[in-house]
Amino acid sequence: MITRRAFATQCGLAAAAVRLLPEMAYAQRAAVNAANLPKDMVWLNANENPAGPPQVSIAAMQEVLPTSGRYHYQEFRDIYAAIAKSEELSVDQVVTGCGSSEVLHTSVDAFTSATRPLISVAPAYEGPIELARALGRPVVLTGLRDDYTADVRKLAEEAGKARGGLIYLCNPNNPTSAMTKASDLDWLVANLPPNTILLVDEAYIHFGESPELKSALPYVRQGKEVIVTRTFSKIYGMAGLRVGFAAARPALIERLAPLRMNVFSIVGGRAVVAALGEQQTILRERRASLARTRRDLCAWMRERNVKFIEPHANFVMIDTGRNAREFIDAMPRLGVAPGRPFPPLDNMLRVTIGTDQEMAKFREVFWKVYRA
């Protein structure tokens, strides 16, 4: 296990700071100036799950808190094993991290270079893209199709031109909430150019209901050149606990493991294991609840001819018909905080799906600004 001191010695403090920079930057961008804002603010700006951690996880955390003065290193092998087993993987096919952000970052560290670019779409989750740029690695971005989905053939074409690289695909995509269909994912894996690895970010995959939405984990089990990242921040409601993992064939995991900072907290670990014990029930109930609220919002927008991208995650991208910064600036003063800007989709507003009560408040405030 590499400690923080050993990591700093190996990579240098400056490199460590670069690896942390993107997530700190997003936290700053998501922050809303609290001055003169309503105390009952509805926060729909960070794709958080309003349900919070499952009750079974809360109980597990309460149990372990009195002993959290110790490191509990002896427990982590079993925690890793529980995470691996939950996805029908072996322990040597998994590496954990601080949310999925850390394992996304280590993937960029390990599998891009001065001659091997990061290849993705625009817009997508910026973490891997901005990290690659900060490290001086080349970045190649392709446009989305007219339906806001990734053009997998262009991604493969760019990797072929570069004679290899790391293709980053967020599915469903953040910020658009659009999905890459199973047939496109199948094609991309089957047509990866030599020296190319596919990195699939599945932070939001549990929220999708479409039969055309497919996880890339089966490719990991088959030993393909695929890395899949997952997080317990979203459907499990543990954003503040920062637990995630990457799954890949053992040889790829061996490249990622030395780059991780350290283990996550025992509080987060116990929370995760408890949730995995009731995984199927938690996922089924939370997916159904979120989907119902999401459908209600989409129906409301259709009735009013408000355009949006068909969502497959716990957020929706709404076409405001004008620069979305007007909504981003005005709505917090009225009690609702939406997402940050996502250029080049300047007229699009990303809105997290909250509780039914929160979405009622959103509809009231959004409509007021929309009609102004």
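Tutor: Elements come first: helices (H or I, at least four residues) and strands (E, at least two) are DSSP runs, numbered from the N terminus. E88, for example, is found in the loop between helix 4 and strand 2. This is a predicted model, where local features need pLDDT of at least 70, side-chain atom pairs count only at pLDDT 80 or more, and totals for chains, interfaces and linings use all residues. Residues are numbered from 1 along each chain as its sequence is written, and side-chain values use heavy atoms, with hydrogens and water left out.

Student: Why is E88 called exposed?

Tutor: The relative accessible area of E88 is 64%. Exposed means over 50%, buried means under 20%, and partly exposed lies in between (1.4 Å probe, protein chains only). So E88 counts as exposed.

Student: What value is phi of E88 near?

Tutor: Phi of E88 is near 60°. That is a positive value in a residue other than glycine. Phi of N305 is also positive and near 60°. N305 lies in the loop between helix 12 (279-303) and strand 9 (315-319).

Student: How do you know that N305 is exposed?

Tutor: N305 has a relative accessible area of 65%. The cut-off for exposed is passed, so the label holds.

Student: What joins A122 and P123?

Tutor: A cis peptide bond, with omega about 0°. P123 is in the loop between strand 3 (118-122) and helix 6 (126-134). P343 and P344 are also joined by a cis peptide bond, with omega about 10°. P344 sits in the loop between strand 10 (336-337) and strand 11 (348-352).

Student: Let us turn to rings. How many aromatic pairs does the structure hold?

Tutor: It holds 13. Rings of Phe, Tyr and Trp (its six-membered ring) pair if their centres lie within 6.5 Å; planes under 30 degrees apart count as stacked, over 60 as edge-to-face and the rest as tilted.

Student: Why is the pair of W367 and Y370 called stacked?

Tutor: The ring centres of W367 and Y370 are 5.4 Å apart and the planes are at 15°, so this pair is stacked too. W367 and Y370 are three residues apart in helix 14 (residues 356-370), which separates them by about one helical turn.

Student: Are W367 and Y370 buried or partly exposed?

Tutor: Partly exposed. W367 has a relative accessible area of 23%, and Y370 has 22%. Ring pairs link W367 and Y370 with W300, F327, F362 and F366 into a cluster.

Student: How do you know that the charged end of R304 sits over the ring of W367?

Tutor: A charge sits over a ring if NZ of Lys or CZ of Arg is within 6 Å of the ring centre and within 35 degrees of the ring normal. The charged end of R304 is 5.8 Å from the centre of the W367 ring, and R153 lies over the face of W187, at 4.3 Å from the ring centre.

Student: What makes strand 8 pair with strand 2?

Tutor: Two strands pair if DSSP finds at least two bridges between them. Strand 2 (residues 94-97) and strand 8 have four, in the antiparallel sense, so they pair. Strand 7 (residues 226-231) also pairs with strand 8 over four bridges, again antiparallel. In strand 8, A247 is the bridge partner of V94 and of V228.

Student: Which way do the residues of strand 8 point?

Tutor: In strand 8 (residues 244-247), G244 and A246 point one way, while F245 and A247 point the other way. All are buried. In a regular strand the side chains alternate between the two faces of the sheet.

Student: Which residues does E75 touch?

Tutor: E75 touches I266 and R270, leaving out residues up to four places away in sequence. Contact means heavy atoms within 4.5 Å. E75 lies in the loop between helix 3 and helix 4 (76-86).

Student: Which residues of helix 3 meet helix 11?

Tutor: V56, S57, A60, M61 and V64 of helix 3 do. Among their partners in helix 11 are I266 and R270.
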